[in-house]
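Here's a quick tour of some charged and nonpolar side chains. Take a look at the structure, then go through the points below.

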Amino acid sequence: MANFLRLLGRRLAALPLMILGVTLLVFVVLQFAPGDRAVAALGEGASKEALDQYREVNGLNDPLFIQYFNYLGKLITGDFGTTLPPAKPITEVIASAFPVTLQLTFLGVLIAVIISLLFGVLAALYRDTWVDQAIRVFSVAAIATPSFWLGILLIQWFALGDNSWFPSGGLANPDDGFIGWLSSMSLPALALAIPVSASLIRVVRTSMVEELDRDYVRTAIGNGVPYRTVVSQNVLRNALVTPVTVLGLRIGYLLGGAVVIEMIFSLPGMGQQILNGITSVDTNLVQGVVLVIAITFVIVNILVDLLYLLINPRIRTV
């Protein structure tokens, strides 16, 4: 346990450096993006004097390192700045968009975990049979399927014409309750989850097969312990360590994939805000949204370390 806590402490200590690196990277990249923030704010018809005044007031004429440190100073106080006119605090924009992305990502993770555990365990228990082969074909096909293309197919299959079982886009109103929310989130979450679950299926199967071939399984069965008990209480728990590691990394993919999926399904999440910021040359908005997503990814990976401890107590002494 002490070693694990030291590892967790090092992760937390490195968090500020990771955040600093993300802010620097995003800031530098956006400086070379096409477009002029002053023109985007005042419009194409603004006079040169008005443009020069805007740049001076907002520090756009300062050297890049001065602009960066001014931005960091505001971040420390929780000030992400404001959007381009009509000006609105970026914290308010993130506060309304971030929950949508979190909901979509959480539901996508849940679906991916259910699919990968079900198919991965079945493939391992019935390895080298038609069941294993069918699951392998599904996983290969799903890995090769882009999320955005799958999202379009799901809309055509389940949201248009006579098969309109789900809405084709948009977020349900709070008055619609849980069923309305689930209906509006199911297709985008499924589009995100299937490619991720496909890669996890192979990881779960491989881990399960390795555990099933260990000596303690044969010993337990030889001593009369039911096979189902050995699999559910020992094999499955030990085999989940590696898939949890991979899942923590895949959550970053889910957060990134949500950017495209939110546009396809017209969800007002962080992805839509990033696109709005890029198209309008709103660097403050893009920096704020990307920073929040990056911090979320780092925190999720720290939580994955905690899951190791819950799944396999042997990690306490590693």
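A residue counts as buried when its relative accessible area is under 20%, as exposed when that value is over 50%, and as partly exposed in between. Keep in mind that this is a predicted model. With that cut-off, R205 is buried, because its relative accessible area is 12%. The structure holds seven salt bridges, and a few of them are picked out here.

**A buried pair**
- D132 and R205 form a salt bridge, with their closest N and O atoms 2.8 Å apart.
- D132 sits in helix α6 and R205 in helix α8, so this pair ties together parts that are 73 residues apart in sequence.
- D132 is buried too, with a relative accessible area of 0%.

- K48 and D52 are about one helical turn apart, because they are four residues apart in helix α3 (residues 48-57).
- K48 is exposed, at 60% relative accessibility, while D52 is partly exposed, at 32%.

**A pair between two loops**
- R127 and D213 form a salt bridge, and their closest N and O atoms are 2.8 Å apart.
- D213 is in the loop between α8 (177-212) and α9 (215-222), and R127 is in the loop between α5 (90-125) and α6 (130-143), so the pair ties together parts that are 86 residues apart in sequence.
- Both ends are partly exposed: D213 has 38% relative accessibility and R127 has a relative accessible area of 30%.

**A charge without a partner**
- Side chains of opposite charge can pair when their charged atoms come close.
- E262, found in helix α11 (residues 241-264), is buried but has no salt bridge.
- For E262, the nearest side chain of opposite charge is K88, which is 15 Å away.
- What does the side chain of E262 make a polar contact with? The side chain of T101, at 2.6 Å.
- Leaving out residues up to four places away in sequence, E262 touches T101, L104, L267, G269, M270, G271 and Q272.

**A nonpolar patch on the surface**
- L125, Y126, I221 and Y227 form a nonpolar patch on the surface, and together they have about 360 Å² of accessible area.
- Y227, in helix α10 (residues 227-239), is partly exposed, with a relative accessible area of 42%.

Key: Residues are numbered from 1 along each chain as its sequence is written. This is a predicted model: local features need pLDDT of at least 70, side-chain atom pairs count only at pLDDT 80 or more; totals for chains, interfaces and linings use all residues. Side-chain values use heavy atoms; hydrogens and water are left out. Buried means under 20% relative accessible area, exposed over 50%, partly exposed in between (1.4 Å probe, protein chains only). Lys and Arg count as positive and Asp and Glu as negative; His and the chain ends are not counted. A salt bridge is a side-chain nitrogen of Lys or Arg within 4 Å of a carboxyl oxygen of Asp or Glu. A polar contact is a pair of N or O atoms within 3.5 Å; within protein, one must be able to donate a hydrogen and the other to accept it, and residues adjacent in sequence count only if both atoms are side-chain atoms. Contact means heavy atoms within 4.5 Å. Patches are made of residues with over 30% relative accessible area and no salt bridge: like charges are joined within 9 Å, nonpolar side chains (Val, Leu, Ile, Met, Phe, Trp, Tyr) within 5 Å. Accessible areas come from the Shrake-Rupley method with a 1.4 Å probe; for residues, only the protein chains shown count as cover.
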